Amino acid sequence: MAHWFHRNPLKATAPVSFSYYGVAGSPAANKICNDLRTTRARLLEMFTDVTCNPEILKSATDAYFSLLQGFIASLDGTTQENKMRFIQNFKWTDTLQGNKPSAQQDAVFELVSMAFNVALWYTKFASRLAGKENITEAEAKDVHRSLKVAAGIFKNLKEAHIPRLITPAEKGRDLEPRVIDAYIIQSQAEAQEVTIARAIELKHNASLIAALAFETANFYQKADHTLNTLDPEYSSKWRKYLQLKQHFYMAYAYCYHGQTLLASDKCGEAIRSLQEAEKCYSRAEALCKEYRHTNGPGSTAKPSEQLFFLKLGGLIKNTLEKCQRENGFIYFHKVPVEAPQLELKASYGLAEPTAFELPPVSEQCTADTYATFDLTKGAKNEKQAKDEEVKPVKEPDLKPEKDTGCVVS
């Protein structure tokens, strides 16, 4: 299942020194600043370290966020804004905008931007794991879990933290509603793909598989529609991926719905459902080609080369031929002109985002230490973030393993 998922690039950021000479008026305050610098640098390193796993990343994330919250949460027992929130300028690129960064002098902007990258890491970890040869059941569960964690982080940022920004996100930037909604929905849809693969592998009831595939196709359609008002220059490639996945899972839904109809002795309707599956599958194949030839950010997935994709084409063909044979010998049903209206609801297997919570504020960030930060002294940073160049993240080039046809199950 290598190259099964489309992935946009990680966000890049300018270095931050947290050197507040004069402002940090005590050894404890200076230690917080030094630890902020080192924990931030370590977390950024983890994003491109191929040996990093969810446990290591969570440890690095908690270390940095527990300290950063000391510049966001109220530490003096009042409801006033933390006096350190606006001391530092942070600069980040966006996943769709190339190397054109945006900057805000706001620790909340840093929190949501870094957490966004954490969520992206989980989607990339899931993709890398799904690309392994002979993936185990435990690894498949990790893929499923990671995608739900990613969805939960994106959802938490949208609901709890992005609304706190003083400066709203510009159109097309990662933190604006259309983009972050698309990431939430895509992560959920991809988690459900794992469930579908598992259900097929274990030969679950055809009606359950059809319902799951239908719900997943609807997720992909919703994500695509969420992006339809963005500039095609940077959204077209991503949208082609979402569209091809929508048609692929609609083909699955019609294929397994056809099996359900045949089992209920509705052979004519089953044939029409399988014919619709053929149409959806052909459209998915065409969209795969369009996707490959569309320019835009992100890695190029190659779903039409995967056995999981190819097997569906054979399954539709064989099932349709079986239905046509049965109809010619036994049923003699008329094939409807209109395709069946799918109104399928999955009772099981729907992927809900995993709730995300920030770690508690670090024990280093006490009210007494907070009081020793004196903004009247003026921060004399060695280098302001606005003067720092934002270099693109060099992501590891992982060669896909041989596709044995094993599904993430």
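1. Val149 is buried, at a relative accessible area of 19%; buried means under 20%, exposed over 50%, and partly exposed in between, with a 1.4 Å probe and protein chains only. This is a predicted model, in which local features need pLDDT of at least 70 and side-chain atom pairs count only at pLDDT 80 or more, while totals for chains, interfaces and linings use all residues. Residues are numbered from 1 along each chain as its sequence is written, and side-chain values use heavy atoms, with hydrogens and water left out.

2. Val149 lies in helix α4 (residues 137–161). Helices (H or I, at least four residues) and strands (E, at least two) are DSSP runs, numbered from the N terminus. Leaving aside residues up to four places away in sequence, Val149 touches Tyr122 and Thr354; contact means heavy atoms within 4.5 Å.

3. How many aromatic pairs does a search of the whole structure find? The search finds 24. Rings of Phe, Tyr and Trp (its six-membered ring) pair if their centres lie within 6.5 Å; planes under 30 degrees apart count as stacked, over 60 as edge-to-face and the rest as tilted. The pair of Phe18 and Tyr20 is edge-to-face because the planes are at 85°, with the ring centres 6.4 Å apart. Phe18 and Tyr20 are both buried.

4. Tyr281 and Phe309 form a tilted pair, with 5.0 Å from centre to centre and 35° between the planes. This pair links distant parts of the chain, 28 residues apart: Tyr281 is in helix α8 (residues 267–292) and Phe309 in helix α9 (residues 307–331). Both residues are buried. They also belong to one aromatic cluster, whose members include Trp4, Tyr220 and Tyr291.

5. The charged end of Lys237 sits over the ring of Tyr291, 4.5 Å from its centre. The criterion is NZ of Lys or CZ of Arg within 6 Å of the ring centre and within 35 degrees of the ring normal.

6. The whole structure has 25 salt bridges, each a side-chain nitrogen of Lys or Arg within 4 Å of a carboxyl oxygen of Asp or Glu. In one of them, the closest N and O atoms of Lys155 and Glu159 are 3.1 Å apart. These two residues are four apart in helix α4, so about one helical turn separates them. Lys155 is partly exposed at 34%, whereas Glu159 is exposed at 52%.

7. Asp224 and Arg239 form a salt bridge at 2.6 Å, N to O. It joins helix α6 (residues 206–226) to helix α7 (residues 232–263), the two residues being 15 apart. Asp224 and Arg239 are both buried.
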